[in-house]
Amino acid sequence: MTGTYGPYSIYVLGCEGVGKTAIVVRYLTKRFLPEYCHADNTVYERLVVVDDKPVQLKIHNPTGKGMRSKLQEKSTFTKTDGFIVAYDITNRASFEGAMDILDIIKRETKSDRSKERAPPTILVGTKTDLNHLRKVSSAEAHRCCWSYVCCTFQECSAASWSSEVEQIFLSLIRKMMEKNIGTPKRRRKISAGAMMNSGMRPTLPQVENLRKDTIQRRFSSLIAPILRDRTSSMSDDKVEDATQMSHKSISCFHSESVNWKSCRFTTVFWVGFAGVTVSSGIINKMGLGGCYSCIKYLMFAFNFLFWLVGCAILGVAIWVRVDPDFKKYVEGNFEQLYTGAYILMGIGVLIMIIGFLGCCGAIKESQCMLATFFVLLFLIFAILVAAGVYALVQQDDLKSEVNKVLQGRVADYHQNEGSKTFMDNIQVNFKCCGASAGSGDYLLTGVKDLFGGNKVGGIPETCGDIVQQVKPCTQQMFDFLKEHVIIIAGVAIGIGVVMVLGMTFSCLLCCVIRRAESHTV
Ligand SMILES: Nc1nc2c(ncn2[C@@H]2O[C@H](COP(=O)(O)OP(=O)(O)OP(=O)(O)O)[C@@H](O)[C@H]2O)c(=O)[nH]1
């Protein structure tokens with residue numbers, strides 16, 4: 001490090017509430033506080049290192065209130081080396097305000113300096129974590145920025161990424177250094193001692209005060225309702241104790257030199273409190289930020305898959321209904337399969353509709369679509385749970401129904417080719433015979449002979465050997481289900497979890513959208 005560059009004077013300008021303080025504090029402390037209280041025209045002085053060179057900065061952060069009149073002061077432009085002009089991407093008026101400020105900078109700096117000496121300016125779109133509420137596109141801001149001398153454009157979120165904010169300051173500082181403002185004429189080597197004497201401290205008293213102020217204000221507003229709530233059932237002297245303790249703890253922060261030892265217990269308490277309140281505040285103010293986008297795209301991907309599954313089910317159902325080979329097997333024998341195909345078509349279409357609502361609802365951030373998605377998913381979930389419970393409770397009824405169907409097919413086995421194919425398939429696949437009495441079921445079947453007697457049709461070959469012949473198909477089929485109950489339960493739980501996740505995400509997304517909308521109004 002050869003010497004210190006600067007001091008460079010940077011003005012951070014923009015309308016009220018666009019997040020000027022947030023980006024300055026983010027750059028200087030790498031932190032984001034959801035609320036800031038600061039005096040007008042706060043100046044932060046800091047020594048930073050850029051590309052191995054020490055650079056002294058003076059960052060001016062006037063409040064957005066009455067920005068126009070502040071810009072009438074000529075000194076703002078003559079003594080400034082670089083500008084950051086901020087607007088809130090979710091607030092169009094703040095963008096127009098930023099354009100006005102750029103106009104004023106353009107006008108004022110042209111009269112003071114040559115074009116080449118115009119101070120580097122960065123137009124910054126803030127709060128990109130609220131992208132879903134964006135009112136100013138990056139392309140438009142880029143276009144507008146081009147018409148100003150030495151103006152570049154960047155976007156950032158002080159709430160989410162400190163690196164974006166750092167990049168903004170770094171590029172501005174580099175530009176100021178490139179322009180040689182402050183070097184070598186204004187460059188001076190500043191020793192640590194000289195720095196202390198001149199009042200330029202590497203620490204940040206303003207930021208410390210700001211943080212202390214913010215914490216105090218937040219604590220005061222927090223403690224009031226809590227104390228009110230906690231003390232409502234206390235005796236008078238206990239109320240007095242509690243009030244004194246809270247005052248004592250707050251006064252720890254008020255005192256000029258904080259005596260951490262004497263405030264040990266209360267400090268621990270408040271630090272915990274601060275953690276909870278600051279993090280909940282961040283979540284509230286950020287509209288969930290990156291997490292929100294993550295849920296949004298997860299929701300989209302999940303529902304796109306859901307939609308594809310719906311398409312596949314519909315496709316299979318249509319194929320079952322129209323395929324000529326399948327028709328040969330089904331017609332006259334197992335017409336119920338067609339009913340099944342129609343049911344599958346309905347399920348496929350329903351899944352496609354739900355997937356479509358979920359996809360569009362997530363991408364378009366439509367509360368209406370997301371709510372419909374939630375209601376439909378909830379209905380299906382309820383129906384499936386009810387059907388599952390019914391199947392478990394009414395197992396015996398179900399068994400007798402299946403048995404009836406099989407007995408009908410066994411009775412028809414020797415007369416109807418369809419019933420024969422049907423039973424043969426079941427008997428081969430489940431290694432069983434007949435419906436409820438094994439091969440005995442076939443002894444009662446057959447066609448009447450010429451003399452009117454019962455002609456025994458015989459036991460089908462597909463009933464296999466003597467061991468298989470004693471296994472009735474109804475029992476075998478239910479045993480199969482019992483053996484595979486873990487897999488069936490796993491699949492059912494998997495489907496349930498996916499549905500519950502879908503419902504939770506859609507609810508969460510709806511809440512975030514609603515909260516973010518109310519946050520910007
Ligand atoms: N979601 C989100 N909120 C932000 C961001 N930056 C600032 N805010 C919020 O915007 C509000 C205003 O931020 P400030 O930094 O005080 O804005 P300012 O431009 O300094 O305001 P003035 O000094 O009044 O002109 C605060 O509630 C911040 O929490 C951001 O990147 N994302």
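How many salt bridges does the structure hold? There are eight salt bridges, and keep in mind that this is a predicted model.

I'll start with helix H4, residues 92–112. Arginine 92 and glutamate 96 both sit in this helix, four residues apart, about one turn. Their side chains form a salt bridge at 3.6 Å, N to O. Both ends are partly exposed: glutamate 96 has a relative accessible area of 42%, and arginine 92 has 32%.

Next, helix H15, residues 395–412. Here glutamate 401 and lysine 404 are three residues apart, again about one turn of the helix. The closest N and O atoms of this salt bridge are 3.6 Å apart. Lysine 404 counts as exposed, at 55%, because the cut-off for exposed is over 50%. Glutamate 401, at 45%, is partly exposed.

Arginine 134 bridges to glutamate 155, with closest N and O atoms 2.9 Å apart. This pair links distant parts of the chain, 21 residues apart: arginine 134 is in the loop between strand E5 and helix H5, and glutamate 155 is in strand E6. Arginine 134 is partly exposed, at 26%.

Last, the nonpolar surface. Tyr297, Phe300, Phe304, Leu305, Leu308 and Ile363 make a patch of about 560 Å². Which helix gives the most to this patch? Helix H11, residues 289–322, with five residues. Phenylalanine 300 is in that helix, and is partly exposed at 31%. Patch residues need over 30%, so phenylalanine 300 qualifies on area.

Technical notes. Residues are numbered from 1 along each chain as its sequence is written. This is a predicted model: local features need pLDDT of at least 70, side-chain atom pairs count only at pLDDT 80 or more; totals for chains, interfaces and linings use all residues. Side-chain values use heavy atoms; hydrogens and water are left out. Patches are made of residues with over 30% relative accessible area and no salt bridge: like charges are joined within 9 Å, nonpolar side chains (Val, Leu, Ile, Met, Phe, Trp, Tyr) within 5 Å. Accessible areas come from the Shrake-Rupley method with a 1.4 Å probe; for residues, only the protein chains shown count as cover. A salt bridge is a side-chain nitrogen of Lys or Arg within 4 Å of a carboxyl oxygen of Asp or Glu. Helices (H or I, at least four residues) and strands (E, at least two) are DSSP runs, numbered from the N terminus. Buried means under 20% relative accessible area, exposed over 50%, partly exposed in between (1.4 Å probe, protein chains only).
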